[in-house]
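Dear colleague,

Please find below the structure that I am handing over to you.

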Amino acid sequence: RNMKTSTKDKLKGSFHEVKGTIKEEMGKGTSDPNLKAEGKAEKKSGKIQQKIGHAKETVANLKGRLADLKKTG
């Protein structure tokens, strides 16, 4: 399947955010500070990846609008 890179980034980001949350909670439950920190870091990187996906989508939409303006202008 061909999926837009923006969609892939958003999906991967969501996955890493959920995975990070699980690790963080497991670290809290087992009193493992390393696992908790690893989970927090993964959760943050997932959020960043989602934002990158949103930014790519916004840029693609702007490019489409500019192309439409050039055609009608």
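This is a predicted model: local features need pLDDT of at least 70, side-chain atom pairs count only at pLDDT 80 or more; totals for chains, interfaces and linings use all residues.

Residues are numbered from 1 along each chain as its sequence is written, and side-chain values use heavy atoms, with hydrogens and water left out.

Helices and their surroundings

Helix α1 covers residues 5–29, and helix α2 covers residues 33–72. Helices here are DSSP runs (H or I, at least four residues; strands would be E, at least two), numbered from the N terminus.

Ser31 sits in the loop between α1 and α2. Its phi is positive, at about 55 degrees, although Ser31 is not a glycine. Most residues other than glycine have a negative phi. With a relative accessible area of 63%, Ser31 is exposed; the term means over 50%, whereas buried means under 20% and partly exposed lies in between (1.4 Å probe, protein chains only).

Met3 belongs to the segment before α1 and is partly exposed, with a relative accessible area of 36%. Apart from neighbours within four places in sequence, Met3 is in contact (heavy atoms within 4.5 Å) with Lys8 and Leu11.

Where the helices meet

His16, in helix α1, is partly exposed at a relative accessible area of 26%. Neighbours within four places aside, His16 is in contact with Glu42, Lys43, Gly46 and Gln49. The C-alpha atoms of His16 and Ala41 are separated by 9.7 Å, and these two residues are 25 apart along the chain.

Glu42 is found in helix α2. Is Glu42 buried or exposed? At 10% relative accessibility, Glu42 counts as buried. Not counting residues up to four places away in sequence, Glu42 touches His16, Glu17, Lys19, Gly20 and Lys23.

Salt bridges

How many salt bridges does a search of the whole structure find? The search finds 7, a salt bridge being a side-chain nitrogen of Lys or Arg within 4 Å of a carboxyl oxygen of Asp or Glu. Side chains of opposite charge can pair when their charged atoms come close.

One of these bridges joins the side chains of Lys56 and Asp9, at 2.7 Å from N to O. Because Lys56 lies in helix α2 and Asp9 in helix α1, this pair ties together parts that are 47 residues apart in sequence. Lys56 is partly exposed, with a relative accessible area of 37%, while Asp9 is buried, at 13%.

Another bridge is formed by the side chains of Glu57 and Lys10, at 2.4 Å from N to O. Glu57 lies in helix α2 and Lys10 in helix α1, so this pair also ties together parts that are 47 residues apart in sequence. Glu57 counts as partly exposed, at 28% relative accessibility.

The side chains of Glu42 and Lys19 meet in a salt bridge as well, at 3.7 Å from N to O. This pair links distant parts of the chain, with Glu42 in helix α2 and Lys19 in helix α1, 23 residues apart. Lys19 counts as partly exposed, at 34% relative accessibility. A network of salt bridges links Lys19, Lys23, Glu38 and Glu42.

Surface patches

Patches are made of residues with over 30% relative accessible area and no salt bridge; like charges are joined within 9 Å, and nonpolar side chains (Val, Leu, Ile, Met, Phe, Trp, Tyr) within 5 Å. Accessible areas come from the Shrake-Rupley method with a 1.4 Å probe, and for residues only the protein chains shown count as cover.

A patch of positive charge on the surface gathers Lys36, Lys40, Lys44, Lys47 and Lys51. Lys and Arg count as positive and Asp and Glu as negative, with His and the chain ends not counted; the place of a charge is NZ of Lys, CZ of Arg, CG of Asp or CD of Glu. Lys36 lies in helix α2 and counts as partly exposed, at 31% relative accessibility.

A nonpolar patch on the surface is formed by Val18, Ile22 and Met26, which together have about 280 Å² of accessible area. Val18 lies in helix α1.

With kind regards
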